[in-house]
Amino acid sequence: MDGKVFPHRHAEPRIGDRPGEAAGRPRLTPVFPRFRMVWWQFLLAPSLGAIILVLWEILARSGVYASFILPAPTDVVERWWSLASDGSLMRHGAVTLREVLSGLLIGLTAAFWLGYLIAKNRIAAYTLTPYLVALQAIPIVAIAPLLIIWFGSGIASKVIICALIVFFPALVNTIIGMRNIAPELRDLMHALEATPLQTFWHLELPAALPILLGGLKVSATLSVIGAVVGEFVSASEGLGYLINFGRGTYDTALVIAAVYTLSTLALTLYGLASLLEYILLDWQR
Amino acid sequence: MPNDTILAAEDISHTYTGPGGDLPTLESVTLELSRESFVCLVGPSGCGKSTLLRILAGLLRPTTGQVRLEAQPITQPQRRIGIVFQKANLMPWRTVYSNLSLPLELARMPASEQEERTTAMLELTGLTGFADVYPAALSGGMAQRVAIGRALIHDPEVLLLDEPFGQLDALTREQMSGELLRIWARHRKTVLMVTHSIPEAVLLADRVLVMSPRPGRIICDLPVPLPRPRSLDLLHRPDFVALTERLRRSIHPA
């Protein structure tokens, strides 16, 4: 990691900066220190993984645990491969991906416009906020069965669960993003006789974008959780269904293979959101 | 109202209504800005200078009285009035170039004219080499130059400056006053500038208005008969020093 993957900026004080304030530049804290790694240091993390896998393989093969309790990594790979080659992994994965993406789209769109309304309109804020907070206090797992009853055990109920789980964090992010816009910049747009649409397009959207994109990264992984929760409760396809099915038949290798696929899916979505952030927020670099 | 008056405040009062009760900030302020004159407004902190400027810009409504741009009462902001704030107030996601061109974009000016004007403004403000730089990389002085360029680019007739150099260090500040003189010589606008610095006011202005502590009233209207073009050399001339002394006494009567 040379720090490039995790964009962050320095905070050199500049002439004109007030103490403790840096002209409204949001900062990202580096996740990894900005060391230049020597080639062999890149091997450290993969080596640890390899060691754990080998120990796991030895433990599983030693016969201490039955294979339906602890399958060996090679068994899991084999199971994963058989799922992939007969097309069932693709089929179930595609269902889950569709739920995740539709839920994200619906949840984020609703959160953005409602958040925008609440940030701009005091009446809307006073009227809606208590209900939104109460809605968030309901554990999504607890109302998932209800949603299945109402919307059926098909894809629709899962999309709604994903949308709900994504909704609140995105809503909060939108409100914070909109409220953080410097009043001086609003004055500027006002003084330049900008139309409401111009103010949205040239000020509000770009100013809120860092927070919105940060929210997207969180939402992407949350949405995967939402889909699995829905599939656990009742489904006939999807990766969550595969896990449930594997548990029922003590096909532990199947469970692990499906979990692996799910986390890869979540990581990929997170990566795509980070990439989008990197491209759109080039001014922060 | 004399014919060459462009912006006039007529008997303006403003009371800030807050949770702690009413706070009168301005008390019957009357002033007239003649076309192409440079007027500075000085006064103690918190005397309502910025409030007055916001009222003149149409960003804030006076409690009583009215502002006229030529014959028309101002009830909302006008493109004909440019404004520069204390902070440079640049959009961090736009480069220097596109921060400058923002007013032209909002006015939906044809692209070729936008480009022409922005390039000319980059040159005038000495920022040509910084066109593609984001504001985070600019020093305070450079950022404020962009802000001044942005306020001038759509050619407003009146320019209101609210302590534009207030956050700069003394050296940069003096240099920026020189820059402003140079720019103003090229683009004669009607300027009203709020400042804390007496020498800065005398150096730049044709007329200096002094405000009282809150609630603000205009207590002194001092003409500055120093010849133009002026430069920073003026700072040491005896007539300049005498004027700053007079001004200082009117702010802090012994």
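This is a predicted model: local features need pLDDT of at least 70, side-chain atom pairs count only at pLDDT 80 or more; totals for chains, interfaces and linings use all residues.
Two residues are in contact if their C-beta atoms, placed from the backbone, lie within 7 Å.

Leaving aside residues up to four places away in sequence, Val146(B) touches Ala88(B), Leu90(B), Val96(B), Asn99(B), Leu100(B), Thr125(B) and Leu127(B). Is Val146(B) buried or exposed? There are 26 other C-beta atoms within 10 Å of Val146(B), and it is therefore buried.

Let me now turn to chain B as a whole. Its secondary structure comes to seven helices and ten strands. The radius of gyration is 18 Å, close to the 18 Å that the globule rule gives for 254 residues, so chain B is as compact as a globular protein of that length. Taken along the principal axes, the C-alpha atoms of chain B fill a box of roughly 50 × 45 × 40 Å. Of its 254 residues, 43% count as buried. As to the contacts in chain B with a separation of 6 or more, 70% of them are between residues 24 or more positions apart.

Next, the strands. Strand 8 of chain B, residues 190–194, is mostly covered, with five of its five residues buried. From this strand, Thr190(B), Leu192(B) and Val194(B) point one way, while Val191(B) and Met193(B) point the other way. Which strands pair with strand 8? One of them is strand 3 of chain B, residues 38–42, which pairs with strand 8 in the parallel sense over four bridges; here Phe38(B) has Val191(B) as its bridge partner. Strand 7 of chain B is also joined to strand 8, by five bridges and again in parallel, and Leu161(B) stands opposite Met193(B).

Strand 7, residues 158–162, in turn runs parallel to strand 6 of chain B, and four bridges join the two. In this pairing Ile83(B) stands opposite Leu160(B). Strand 6 covers residues 81–84: Ile81(B) and Ile83(B) point one way, Gly82(B) and Val84(B) the other way, and all are buried.

Leu160(B) brings us to the nonpolar core. The largest such core has 130 residues, and those with the most contacts inside it are Leu56(B), Leu160(B) and Val208(B). Which element gives the most to this core? That element is helix 6 of chain A, residues 155–179, with 14 residues. As for Leu56(B), its contacts beyond four places in sequence are Leu7(B), Ala9(B), Val67(B), Leu160(B) and Leu192(B).

I shall stay with helix 6 of chain A for a moment. This helix has 25 residues and reaches 36 Å from its first C-alpha to its last, close to the 36 Å expected at 1.5 Å a residue. A kink of about 35° lies at Phe167(A), shortly before the proline Pro169(A). Because 19 of its 25 residues are buried, helix 6 of chain A is largely enclosed by the rest of the structure.

The contact between the two chains takes 19 residues from chain A and 23 residues from chain B. On the chain A side, the elements that give two or more residues are helix 7 (183–191) and helix 8 (196–233). Helix 7 of chain A gives the most to that side, with six residues.

Finally, some backbone details in chain B. A cis peptide bond joins Arg214(B) and Pro215(B), with omega about -5°; Pro215(B) lies in the loop between strand 9 (207–211) and strand 10 (218–223). Another cis peptide bond joins Arg228(B) and Pro229(B), with omega about -5°, and Pro229(B) is found in the loop between strand 10 and helix 7 (238–251) of chain B.

Asp11(B) is not a glycine, although it has a positive phi of about 50°. Asp11(B) lies in strand 1, residues 5–18, of chain B, and it counts as exposed because it has 12 C-beta neighbours inside 10 Å. Glu70(B), also not a glycine, has a positive phi of about 50°. The place of Glu70(B) is in the loop between strand 4 (64–69) and strand 5 (72–73) of chain B. Glu70(B) has 13 C-beta neighbours inside 10 Å, so it counts as partly exposed.

Conventions. Residues are numbered from 1 along each chain as its sequence is written. Chains are lettered from A and ligands numbered from 1 in the order in which they are written. A nonpolar core is a set of buried Ala, Val, Leu, Ile, Met, Phe, Trp, Tyr and Cys residues joined through C-beta atoms within 7 Å. A residue is buried if 20 or more other C-beta atoms lie within 10 Å of its own, exposed if 12 or fewer, and partly exposed in between; C-beta atoms are placed from the backbone. The expected span of a helix is 1.5 Å times one less than its number of residues. The bend at a residue is the angle between axes fitted to the seven residues ending there and the seven starting there. The radius of gyration is taken over C-alpha atoms; the globule rule is 2.2 Å times the number of residues to the power 0.38. Two strands pair if DSSP finds at least two bridges between them.
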